[in-house]
Amino acid sequence: MKALDDKITRNLIHQVKKGALISLDFVLSRYENNNLFAYVLYIDDYCQYLGWAANTISHYEKLKKSLPSEEHSFVKWYYPEFEIGTGEVPDEIDKPFNHDTQEILNEIQELLDDNFEIIQANVYDSIIEGFKLALNEIDEDKIKNIIFYVSLADSDNAELMENYSAEKLNSLEKFRLFKNRYS
């Protein structure tokens with residue numbers, strides 16, 4: 001069932017694609033391909049904001065030295081602990097998310113009272129679709145070692161969304177690796 005207007009949906013997909021391409025290009029230009037292992041878009045349950053983050057093996061190796069071993073797997077995939085992300089880069093890199101996508105999400109906020117769960121699902125699906133379109137435009141060799149997913153900030157449903165989106169955005173092999181990330 002679709003509750004979002006087609007124009008809003010198309011705009012959201014376009015802006016997510018644009019933001020993912022710009023931020024991922026920035027990350028790929030600054031970090032070695034074999035060091036990057038995760039890139040995530042994250043949104044809250046109420047669809048109020050959308051951000052991005054990327055992690056490297058070197059950052060994870062450094063971070064886990066200060067944590068008990070039982071937290072290693074968790075922090076490896078916990079986007080707030082990632083090496084780089086929204087707010088840590090030049091404004092023009094974050095603008096597609098902090099301004100352009102934010103304007104669309106603000107417009108969606110006015111619609112959420114009606115059919116909240118349907119609109120929320122439409123937003124999540126649009127984000128995944130825009131993300132997938134962005135990945136389709138990047139040379140596979142540049143991203144072959146990176147796992148992509150969408151997370152829900154501070155949500156009990158985060159792992160469910162991460163697995164759902166990872167399955168849609170990655171090869172079967174990368175998805176299986178990601179799905180077993182806490183094992």
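1. Asp94 sits in helix 4, which spans residues 91-109. The model is a predicted one, and the remarks below should be read with that in mind.

2. Asp94 is a buried residue without a salt bridge. Arg30 carries the nearest side chain of opposite charge, and that side chain is 12 Å away. Since a salt bridge requires the charged atoms to be within 4 Å, Arg30 does not qualify as a partner for Asp94.

3. What does the side chain of Asp94 reach instead? Leaving aside residues up to four places away in sequence, Asp94 touches Trp52, Thr86, Gly87, Glu88 and Val89.

4. The largest pocket has a volume of about 180 Å³. Its lining comprises 14 residues, and those nearest the centre are Tyr78, Ser151, Leu152, Ala158 and Glu162. Two or more lining residues come from each of strand 4 (147-153) and helix 7 (158-169).

5. Phe178 belongs to helix 8, residues 172-179. Its relative accessible area is 0%, so Phe178 counts as buried. Beyond residues up to four places away in sequence, Phe178 touches Trp77, Ile147, Tyr149, Glu162, Asn163 and Ala166.

6. Phe178 and Phe26 are separated by 152 residues in sequence. In space, their C-alpha atoms are 24 Å apart.

Methods. Residues numbered from 1 in each chain as written. Predicted model: local features only at pLDDT ≥ 70, side-chain atom pairs only at ≥ 80, totals over all residues. Heavy atoms only, no water. Helix = DSSP H or I, 4+ residues; strand = E, 2+ residues; numbered from the N terminus. Buried < 20%, exposed > 50% of the residue type's maximum accessible area, 1.4 Å probe, protein only. Lys, Arg positive; Asp, Glu negative; His and termini not counted. Contact = heavy atoms within 4.5 Å. 1 Å grid on protein atoms, 1.4 Å probe; cavity = no way out; pocket = protein on both sides within 12 Å on 5 of 7 lines; lining within 4 Å. Points joined across faces, edges and corners; volume = space filled by probe spheres on them.
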